[in-house]
Amino acid sequence: MADEHLKQLVSKHFNSQAAANVNAIYQLNLKDGDDYFLKIDNGNFEIGDGSIDEPTVTLTTDKKTLEGVIDGSINGMQAFMMGKLKFSGNMGLAMKLKDIFSSA
């Protein structure tokens, strides 16, 4: 089961309207913790432990940065520019995270 704090953050800040037309799998690789995946399917999400084959986007960061991007306290683009967040895959979907996760 995914880290409860992370799962609660995702649940609290997930904007189903912004994710209404999104079909993507985000691989979340944490340098200081476990890896997770986040499947988004037309406004619904599932978070799970470990790695998944052929994700749409892979994000590599530390837990604090990921939590900040999810809760809106850290700007994902700034984290990327500072080297705190790396991604591979679909850039448009990576940038869409700021809309998919909005402050509640």
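## Largest pocket

A pocket is an open set of points on a 1 Å grid over the protein atoms alone, with protein on both sides within 12 Å along at least five of seven lines, while a cavity is a set of points where a 1.4 Å probe fits but cannot get out. Grid points are joined across faces, edges and corners, and a volume is the space filled by probe spheres set on the points. The structure described here is a predicted model, in which local features need pLDDT of at least 70 and side-chain atom pairs count only at pLDDT 80 or more, whereas totals for chains, interfaces and linings use all residues. Residues are numbered from 1 along each chain as its sequence is written, and side-chain values use heavy atoms, with hydrogens and water left out.

The largest pocket holds about 380 Å³ of space. Its lining consists of 17 residues (lining residues have an atom within 4 Å of a point), and Gly76, Met77, Ala94, Met95 and Lys98 are the closest to the centre. Helices α3 (76-81), α4 (91-95) and α5 (97-100) each contribute at least two residues to this lining. Helices (H or I, at least four residues) and strands (E, at least two) are DSSP runs, numbered from the N terminus. Sorted by class, the pocket lining has 12 nonpolar, 4 polar and 1 charged residues. Here Ala, Val, Leu, Ile, Met, Phe, Trp, Tyr, Cys and Pro count as nonpolar, Asp, Glu, Lys and Arg as charged, and the others, Gly among them, as polar.

## Nonpolar core

A nonpolar core is a set of buried Ala, Val, Leu, Ile, Met, Phe, Trp, Tyr and Cys residues joined through side-chain atoms within 4.5 Å. Buried means under 20% relative accessible area, exposed means over 50%, and partly exposed lies in between (1.4 Å probe, protein chains only). The largest such core has 25 residues, of which Tyr26, Leu28, Leu38, Ile40, Ile70, Ile100 and Phe101 touch the most other members. At least two core residues come from each of α1 (4-13), β1 (23-30), β2 (36-41), β4 (57-61), α2 (63-71), α4 and α5. Strand β1 gives the most, with 4 residues.

Leu97 belongs to helix α5 and is buried, at a relative accessible area of 9%. Apart from neighbours within four places in sequence, Leu97 is in contact (heavy atoms within 4.5 Å) with Tyr26 and Leu59. Leu97 and Asn15 are 82 residues apart along the chain, and their C-alpha atoms are separated by 9.8 Å.

## Enclosed cavity

The model has 1 cavity of 30 Å³ or more. About 50 Å³ of space lies in the largest cavity. Its lining is made up of Val10, Leu28, Leu38, Ile47, Leu59, Leu66, Val69, Ile70, Leu97 and Phe101. Helix α2 supplies the largest share of this lining, 3 residues. By class, the cavity lining has 10 nonpolar, no polar and no charged residues.

## Aromatic pairs

Rings of Phe, Tyr and Trp (its six-membered ring) pair if their centres lie within 6.5 Å; planes under 30 degrees apart count as stacked, over 60 as edge-to-face and the rest as tilted. The count comes to 3 aromatic pairs. Phe14 is buried at 14% relative accessible area, and Phe101 is buried at 5%.

The rings of Phe80 and Phe87 have centres 5.5 Å apart and planes at 55 degrees, so this pair is tilted. Phe80 is partly exposed, at 34% relative accessibility, as is Phe87, at 25%. Ring pairs also link Phe14, Phe45 and Phe101 into a cluster. Not counting residues up to four places away in sequence, Phe101 touches Val10, His13, Phe14, Leu38, Val69 and Ile70.

## Positive phi angles

Most residues other than glycine have a negative phi. Asn42 has a positive phi, near 50 degrees. This residue, Asn42, sits in the loop between β2 and β3 (44-49) and is partly exposed, with a relative accessible area of 43%.

Glu54 also has a positive phi, of about 55 degrees, although it is not a glycine. Glu54 is found in the loop between β3 and β4 and is exposed, with a relative accessible area of 75%.
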